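User: Please take a close look at the ligand site in this model. I would like to know what surrounds the ligand and how the site relates to the strands and helices.

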Amino acid sequence: MRASDAVTRALEEAASTSQGQLVPAEDCPVRSIRELKGDGTDVYIGNIAFKRCNWWEVQGPERDRLMAENIVRPTGDTGIIWQVSDFLASSHHRRGIMTVVLRTVLDKWAIPRMCMRHLHVSVFTGNNGSVRVFEKNGFVLVDTIENCIEIRGEKRSLHVLDWKHVV
Ligand SMILES: CC(C)(COP(=O)(O)OP(=O)(O)OC[C@H]1O[C@@H](n2cnc3c(N)ncnc32)[C@H](O)[C@@H]1OP(=O)(O)O)[C@@H](O)C(=O)NCCC(=O)NCCS
């Protein structure tokens, strides 16, 4: 995957000049979720990805201001606000997979290597599975905003959830 290769390359380059210091990462090199079969083969079943927050639920100049402040922070800055997107094949829903995947990438990579301390996500109202995955990982529902975005001519409402790293 091109995005994962780019993260790995950037980390390798930084490591070659960092004299043994651990270099903070802007992204997670592992995004694909794969099921390992009994015969040793594996199959793609989903995806998880972090990026800097885009405050989907906020409109106009306020959104521009929030994004501009967030984007200038250097990689590894604990003040960066992040968002996460995830997807799992419907054949694998409701087995606890995404709850564990999110917990694992946070604990094993995002917190220690991206210095992630704050996540801010929005979820379409009605997507109860997604809200539960976040809540089970310590996210708190902070707002529900009715009809805040328009998608293909239809007004949609969003739940907004926040997560802060507790040491
Ligand atoms: C949302 C999604 C990632 C959930 O993944 P998952 O692996 O099925 O979730 P889990 O099995 O870890 O379930 C976590 C909790 O959510 C609940 N849950 C899962 N799907 C649910 C649904 N459709 N409705 C209600 N609750 C649901 C589970 O029961 C569990 O809660 P519990 O432990 O209190 O019983 C998956 O449904 C998906 O990929 N959906 C399509 C893409 C999407 O919506 N992504 C999120 C965009 S914000």
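Analyst: The account below goes from the overall layout to the ligand site and then to the strand pairing beside it.

This is a predicted model, in which local features need pLDDT of at least 70, side-chain atom pairs count only at pLDDT 80 or more, and totals for chains, interfaces and linings use all residues. Residues are numbered from 1 along each chain as its sequence is written, and side-chain values use heavy atoms, with hydrogens and water left out.

The protein has four helices and six strands, where helices (H or I, at least four residues) and strands (E, at least two) are DSSP runs numbered from the N terminus. Their order from the N terminus is α-β-β-α-β-α-β-α-β-β. Along the principal axes, the C-alpha atoms fill a box of roughly 50 × 45 × 35 Å.

The ligand takes up the space of the largest pocket. A pocket here is an open set of points on a 1 Å grid over the protein atoms alone, where a 1.4 Å probe fits, with protein on both sides within 12 Å along at least five of seven lines. A molecule sits in a pocket if more than half of its atoms lie within 2 Å of the pocket's grid points.

Around the ligand there are 17 residues, the closest being Leu88, Gly96, Thr99, Asn127 and Lys136; a residue is near if one of its heavy atoms lies within 4 Å. Helix 4 (128–136) gives the most to this shell, six residues. Strand 3 and helix 3 each supply at least two residues as well.

- Lysine 136: a polar side-chain atom lies 2.4 Å from a ligand oxygen.
- Threonine 99: an N or O atom of the side chain is 2.5 Å from an oxygen of the ligand.
- Arginine 95: a polar backbone atom is 3.2 Å from a ligand oxygen.

The ligand exposes 920 Å² when taken alone, and the protein buries 70% of that, with areas from the Shrake-Rupley method and a 1.4 Å probe.

Strand 3 (residues 81–88) pairs with strand 2 (residues 42–52) in antiparallel fashion through seven bridges; pairing requires at least two bridges found by DSSP. Leucine 88 of strand 3 stands opposite glycine 46. Strand 3 also runs parallel to strand 4 (residues 118–124), joined by two bridges, and isoleucine 81 has histidine 118 in strand 4 as its bridge partner. Between strands 3 and 4 the chain passes through helix 3 (residues 97–114) in a right-handed β-α-β crossover, that is, a clockwise path from the first strand over the helix to the second, with the strands pointing away from the viewer.

Methods
A polar contact is a pair of N or O atoms within 3.5 Å; within protein, one must be able to donate a hydrogen and the other to accept it, and residues adjacent in sequence count only if both atoms are side-chain atoms. On a 1 Å grid over the protein atoms alone, a cavity is a set of points where a 1.4 Å probe fits but cannot get out, and a pocket is an open set with protein on both sides within 12 Å along at least five of seven lines; lining residues have an atom within 4 Å of a point.
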